[in-house]
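Reader: I'm new to this, so could you walk me through how the chains meet and where the rings pair up?

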Amino acid sequence: MKPAKLWSWIIFAFGAAYFIVPLLATFEFSLRIRREGYTFDAYTSVFSDGRFQASFSYSLLIGVCAIIVGLLIVVPAAYYVRLRAPHLRPIIEFITLLPLVIPAIILVFGYIRMYNTSSALPLLGTNLGTDILLTLAYVALALPYMYRAVDTGLRTIDVQTLTEAANILGANQATIIAKVIFPNIIVAVLSGAFLTLAIVIGEFTIASLLNRQVFGVYMQNVGANRAFEPAALAVISFVITWGAMGMIQLLARFAPKTARRD
Amino acid sequence: MAEEFLRIDKLVKTFGGNQVVKGVDLSFNKGEFVSLLGPSGCGKTTILRMIAGFERPDSGRILVEGKDISGLAPNQRKIGMVFQAYALFPNMNVADNIGFGLKIAGMPKPQREARIEEMLQLIGLSGYGKRYPFELSGGQQQRVALARALAPSPRMLLLDEPLSALDAKIRVSLREQIRQIQRELGITTVFVTHDQEEALSISDRIVVLNTGNVEQFGQPFEIYNRPQTRFVATFVGTLNTLNATVADAGAKTVTLGGTTVTIPALPASARNGEAVALTMRPEAVSLANGATRDIVLDGKVAEVSFLGSVIRLKVDLGDNAVNLDTFNDQRTPPPAHGAPVRIGIASSDVLVLER
Amino acid sequence: MTNVSSVADPAAGPVSTGPAVRVGGNPFRFFTRLRLGDIIAIAPFIIFALLFLLIPTLGLVVGAFQDPQGNFTLQNVMDLATPQIAASFWISIRVSVTSAVLGAAIGLAIALAIIRGKLPSGIRSTVMTFSGVASQFAGIPLSFAFLATLGRLGLVTVLLKFAGFDLYKSGFNLLSFWGLTITYLYFQIPLMILIIAPAIDGLKKEWGEAAATLGATNGQFWRYIGLPVLWPNLLGTLSLLFANAFGAIATAYALTGSSLNIVPILLYAQIRGDVLHNPGLGAALALGMIVITALANIVYLVIRTRAERWLK
C-alpha cells in the first residue's frame, strides 16, 4: 500500500475538527449547569420534565403513523412503476423529489390556506384533523427518502423475475406483494422508516405553525427560556439521530446480497 | 543483429506477500511487436503496468534505449497505452480525445487539428471527430483509443488486452488493423493477452509467462512447434499425448500400442522400461495412407467435430486416444462415428516432454 | 429535476435506470390498459401528491395574484420590492449561495480525501456513516450545539478568550450572516459528501492512467477530465444544497430569533401573525421562494443539458 497523501490527512483533520468540536462543546456546555462543577443535572431536569415526555411520545406516535401511511402509499406505487409502468417513472420520481425543493414552510402555508375551517375539507377545525394533517405533512417530508429506499430495495431483488416466477407458481398479485416482494425489501423499508423517524423527531416548522406540541417545538421553547438544558437536549437529539441512522447501517448488513447490483 | 530498444532486467514485484513477477529478464528490439501471453495471474499485466509506470518494481530495472526509466513518473515516459475498457474520456468528443496528449504537450491548434485528422484517417474514422464516445461501437472506441495513444508519437506502445471486450469478428479485424498500423509506424509494441491464437497471429515474438516466470520467449513458429516446457506445449495450441514405454534408449525406440517405433526426439536421459509421454499437434496426425508416416496405428473414430475448413476427429486407440485434424474436402465425407481408421504420425513431429 | 435523483440513493450511481424494464413508447398507452390492480396501487400516491404537494403549492401561487376580495392583482408581487422584503430575500440568497458553495467545495475536498487520498480504509465508512447522521442533524438542536460552541459563552469562544483572542470583540457574531453560514455548513457538507461520493467512485481509474500516459499531470487530469465529468453532479448537488439552505428555518429561528430576517423567518412571522398585514403578500413571499428555488434548478438543468451531449 502506498502511504496516504499529506493533503488528504490535512483535509480530513480539518473536517473532523469542524464536526467534532461542536459536539464536544455542546456536551461540555450541558454539564456546566452548576457553578461547583460538571454535573448531569441538566439531563435530570430535562428527563423529569412532563412536557419533554409528552412532546417526545407525541412526536414518536406521529412519526410511526407517518411511516405506516407513507409505506401504504409508496410501496404499491413503487412496485407498479417498476413492474408495470416504467415509462411513468420520470413523472413519479419528479413528484417524490418535490419535497426536497419545496420548503416545508411553503407546504404548511399551503395546507393552512387549503384546509382551514372555512374550506371544503376543514382538517384544521378539529384536533384529530390537525393530527392527521401533521402526519400527512410528515409523509410528504419523508417521501423522497421513503420512495428511494423502497425503490432501491426493489431494484436489488429484480422484481420482474420474482413476480414472473411467483405467477408461474400460481400466486395472485396480493400474495406476490405480501409473501414474495415485501419480505425481500423489508430491510430497505425499515431503512426508509428509520430515516423518516430521524427527520420527523426534531421537526419544528410545520408542527409549530399547526400549533402541535411536538418535540421540536418543545425544544424551541426550552431554548428560549433556559440556558443549559438546550445543550442537553441537543446531545439527546444527536444520540437519537445517531441511533436511527445506526439502525440503518446495521440493517444494511442484512440486505439481500443475492441479486444483481447495478 | 537488431537494435535493442527495451530491456527488462531482473524485474521483481510483490503484492501483499505474493510474488507475482519473479525476476523477469527480457529484451525487445526496435519496431518489434511482442506479446506477453499467459493465463490470468501470470504477471503479464503487472509487467506492462511497470513499463507504463503505474506500478513500482520491488527490484530490477527497465531500460528504454539504454536509459533506466524506473524513476520516471508515467506522464514523463512518453509511452502510449491502450486499455481493455477503452478508457476514452467521456466528456470529450473523438477529436478532443485524440488531441488530448497533443494539447498537454502544448502543440498549437492548427498543427493539432492536422494531426488529429491524420490519426482519424489512420484508424479509418474520418468524419467521426465530433462524435462522443458513447455514440461509438466498442470496436470504434478502441480504434479511437489507439489513435489517442499514438497521436503524440510515443516511443513505444503498450496494449493491455485491448481486444478482449469485443465480439469475435471485430476482434479479428481489429487485431489485423492494429498490426498493420504498427508496421506502418514501426513502433515498438508490447501486447498483453491471454488468448494464444491472438498472440500467435499478431506477434513478431511471444513471451509465454506462467506464475511470474518466463517460460519461453520466441517467434510464434518456434513457440508453437518447438515448445520448450510442458506448460508452453499445453497452453499454446492443442496437444495430443500418447503414453509409451522406452524399449531401447540407445536406439531411441519406444513401445507404443504393441509396436516398436523410433523417436528421434527421445532424450538421452531416458532409460529402458521408463514410461514416456509422446506429444504432437493434431495436424501432425493424419488418416494414414501415406508412406511418409512411419508410425501407423489402428483405432476407431470416437468423435467427429466439424469445424468448417477443418474436421477434427478423436480416434480411440485402445489405451490411448488422439485428436487429428484433416482438411474438409467436399467430395469426401468424414468417416462415421465408430468406423475403424488407420492413422499415421511422422516420428520427426513427435516431441517428448519432460515430466 | 433529475438533479436530485441520486440524493437519498447513493448506491444508485450516475445511472438511475434499473435493470430490464419494459419501456413503452407512448406514456398514454398506460392509461388505456389500466387494470384494477394498477389503479389501486397508483391511486393513493397520485391523490396524496395532488392534495398534499401540488394543489397546496399551486394554491399559494394563485393566492399571490389575488387581492383580499379574490380579484386578480399584481400588487402583492410588486410589494415584494419593499426594502424590508427585498433585504430579506437578499440575505437569504447570500446565506444559501455561500453555504451551498462552501459546503460543496469543502464536501468535495473531504470526499476526494477519503476516496482518492489513500487514507486508511476504515476512515471512509466512518465518514460516510457520520455524514448520514450529520446531514439529518439540523434545525433546533443544531442551533443549540452552535450556541454552545460559538455563542458568547460557548466552549470555543471561552477557550479563545483564554488564549487571548476575543472572538466577539473581533467582530464575529453567531447571530449574523457568517454565524448562520458556518452553522448551515454542518448539514451542507455531509449532504455533499453523501451525494458526491458515488460520483467520485464512478471516475474510472483508467481515465487517470490514460491521461498520465498522454503526459498529463494530476492537476491536468482533474482540470480536463475529473472535474468536467463530475460537473453535472456538482451542479445538481449545488442547487440541492441551495434549496436546502433557502428553505431552512428552524436553525435560524432558534439561533437568531428574528434578528436575522431571512425570508423563511419573515414568512413564518407572517403566517403566525400576519405581520405584513396582507395575506396576499404572504402568498407572494411564498411565490418568491418557489421561483428562486425553481430558478436554481433551471440554471442547473440548462447547464446539464449542455453536458448531456456526452452523458449516456
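This is a predicted model: local features need pLDDT of at least 70, side-chain atom pairs count only at pLDDT 80 or more; totals for chains, interfaces and linings use all residues.

Reader: How much area is buried between chain B and chain C?
Author: Residues are numbered from 1 along each chain as its sequence is written, chains are lettered from A and ligands numbered from 1 in the order in which they are written, and side-chain values use heavy atoms, leaving out hydrogens and water. Buried area is the accessible area (1.4 Å probe) that two parts lose on being put together, summed over both. Carbon and sulfur atoms give 70% of it here, and the total is about 2100 Å².

Reader: Which side chains meet in a salt bridge between chain B and chain C?
Author: A salt bridge needs a side-chain nitrogen of Lys or Arg within 4 Å of a carboxyl oxygen of Asp or Glu. The count between these two chains is 1. At 2.6 Å, N to O, the partners are C:Glu209 and B:Arg49.

Reader: Which element gives the most to the side of chain B that touches chain C?
Author: Helices (H or I, at least four residues) and strands (E, at least two) are DSSP runs, numbered from the N terminus. Strand S6 (79-82), helix H2 (94-104) and helix H4 (138-150) of chain B each supply at least two residues of that side. With 4 residues, the one giving the most is H2(B).

Reader: Okay, rings now! Is the pair of A:Phe238 and C:Phe130 stacked, edge-to-face or tilted?
Author: Rings of Phe, Tyr and Trp (its six-membered ring) pair if their centres lie within 6.5 Å; planes under 30 degrees apart are stacked, over 60 edge-to-face, and the rest tilted. The centres of A:Phe238 and C:Phe130 are 6.3 Å apart and the planes sit at 45°, so the pair is tilted.

Reader: How far apart in sequence are the parts that C:Phe146 and C:Tyr186 tie together?
Author: These two rings pair edge-to-face, 5.6 Å centre to centre with 80° between the planes. C:Phe146 lies in helix H6 (residues 140-150) of chain C and C:Tyr186 in helix H8 (residues 177-201) of chain C, so the parts they tie together are apart by 40 residues.

Reader: Is C:Phe146 buried or exposed?
Author: Buried means under 20% relative accessible area, exposed over 50%, and partly exposed in between (1.4 Å probe, protein chains only). C:Tyr186 counts as buried, and C:Phe146 is likewise buried.
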